[in-house]
Amino acid sequence: MDEQRGVQALAVCPLFADVNEADLRQLASAGSMRRYRRGQLLFSEGDPGDSMLVVVDGSLKAVSASAHGEELLLAVVDPPGVVGELTVADGGRRSATVTALTDASVLRLERDVVLAVAAGSPALTHALLGSLAEVVRRLTGAAADLVFLDTPRRVAKFLLSLEASESSTRIRSRLTQTEMAHRVGTSRQSLNAALQGFRRRGWITVAGQEIELRDPVALRHYVES
């Protein structure tokens with residue numbers, strides 16, 4: 001792999017923002033760049049957790065599935081996000097299945113290499129702990145939403161999160177409606193019913209995969225009510 005490209009990929013990743021260049025070069029020189037096509041599997045839930053992935057371009061999705069094949073979309077990971085921090089911490093098995101949402105490139109870092117660099121880098125150790133805390137905080141919030149918010153309010157909160165990430169009230173989701181339904185823990189039919197309810201109230205307009213938030217303030221009040 002081109003070491004300089006690896007260093008550049010790590011340098012723009014918030015997880016490695018405070019790590020010195022020598023340590024970045026050590027990680028990059030031991031890493032491997034991999035390319036995946038849309039829909040291609042990176043790893044499955046239960047696989048050995050032997051590496052961490054830095055998204056260089058494209059997007060990944062992480063899902064958890066029930067024994068009956070029902071899916072919950074846990075996260076969409078865009079550049080310069082990271083997948084696999086939990087396995088760095090304990091070396092346990094993968095807690096989710098990750099596939100390429102679009103064509104994507106990732107920098108694969110072996111767990112042993114990350115731990116070796118972290119042993120001499122307080123900055124990287126601190127960043128890994130912070131990243132793990134963020135994962136726990138996000139999953140705790142998602143679990144609370146499933147318990148305390150009904151389906152329409154979960155859909156509204158999800159739309160507002162897309163608005164925040166894109167800094168625009170006009171959202172073109174990369175997710176299909178089925179994937180959006182998985183993200184909020186509901187069926188596609190229930191998702192459609194919620195979207196149509198918001199449309200009738202004049203809060204949104206829907207055109208294919210593009211959704212415009214006409215009244216995000218009303219949506220926010222609805223979530224909080």
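**Figure 1. Leu 53 stands opposite Arg 108 of strand β8.** This close-up, like those that follow, is drawn from a predicted model. Leu 53 also has a bridge partner in β6, namely Val 83. Arg 108 in turn stands opposite Ser 32. Arg 108 is also part of a network of salt bridges that links it with Asp 50, Arg 94 and Glu 110.

**Figure 2. Four strands make up an open antiparallel sheet.** The order of the strands is β1-β8-β3-β6. At the edges are β1 (32-36) and β6 (82-83), each of which pairs on one side only. Five bridges connect β1 with β8 in the antiparallel sense, and six bridges join β8 to β3, again antiparallel. The antiparallel pairing of β3 with β6 comprises two bridges. Strand β8 is largely enclosed by the rest of the structure, because six of its seven residues are buried. As a rule, strands of a sheet pair through backbone hydrogen bonds, in either a parallel or an antiparallel arrangement.

**Figure 3. A cis peptide bond joins Pro 79 and Pro 80.** The omega angle of this bond is about 0 degrees. Pro 80 belongs to the loop between β5 (71-77) and β6. In general, most peptide bonds are trans.

**Figure 4. Helix α1 (residues 3-11) has four buried residues: Gly 6, Val 7, Ala 9 and Leu 10.** Viewed down the axis of α1, these residues fall within an arc of 160 degrees, and they therefore line one face of the helix. The cover over the buried residues of α1 includes α2 (21-30), β3 (51-57) and β8 (104-110).

**Figure 5. A salt bridge connects Arg 35 and Asp 57.** The closest N and O atoms of the pair are 2.6 Å apart. Arg 35 is exposed, with a relative accessible area of 51%, whereas Asp 57 is partly exposed at 25%. The salt bridges in the model come to 14.

**Figure 6. Arg 137 and Glu 134 form a salt bridge within helix α5.** The N to O distance is 3.2 Å. Arg 137 counts as exposed at 54% relative accessibility, and Glu 134 as partly exposed at 43%.

**Figure 7. Lys 157 and Asp 145 meet through their side chains in a salt bridge.** Here the N to O distance is 3.1 Å. Lys 157 lies in helix α6 (residues 151-166) and Asp 145 in helix α5, so this pair ties together parts that are 12 residues apart in sequence. Lys 157 is partly exposed, at 37% relative accessible area. Asp 145 is buried, because its relative accessible area of 18% falls under the 20% cut-off.

**Figure 8. Leu 146, Val 147 and Phe 148 form a nonpolar patch on the surface.** Together these residues present about 350 Å² of accessible area. Leu 146 lies in helix α5 (residues 122-148) and, at 38% relative accessibility, counts as partly exposed.

How values were computed. Residues numbered from 1 in each chain as written. Predicted model: local features only at pLDDT ≥ 70, side-chain atom pairs only at ≥ 80, totals over all residues. Heavy atoms only, no water. Patch = residues over 30% accessible without salt bridge, like charges linked within 9 Å, V, L, I, M, F, W, Y side chains within 5 Å. Areas by Shrake-Rupley, 256 points an atom, 1.4 Å probe, with all protein chains shown as cover. Salt bridge = Lys/Arg side-chain N within 4 Å of Asp/Glu carboxyl O. Buried < 20%, exposed > 50% of the residue type's maximum accessible area, 1.4 Å probe, protein only. Arc of directions from axis to C-beta. Contact = heavy atoms within 4.5 Å. Pairing = 2+ DSSP bridges.
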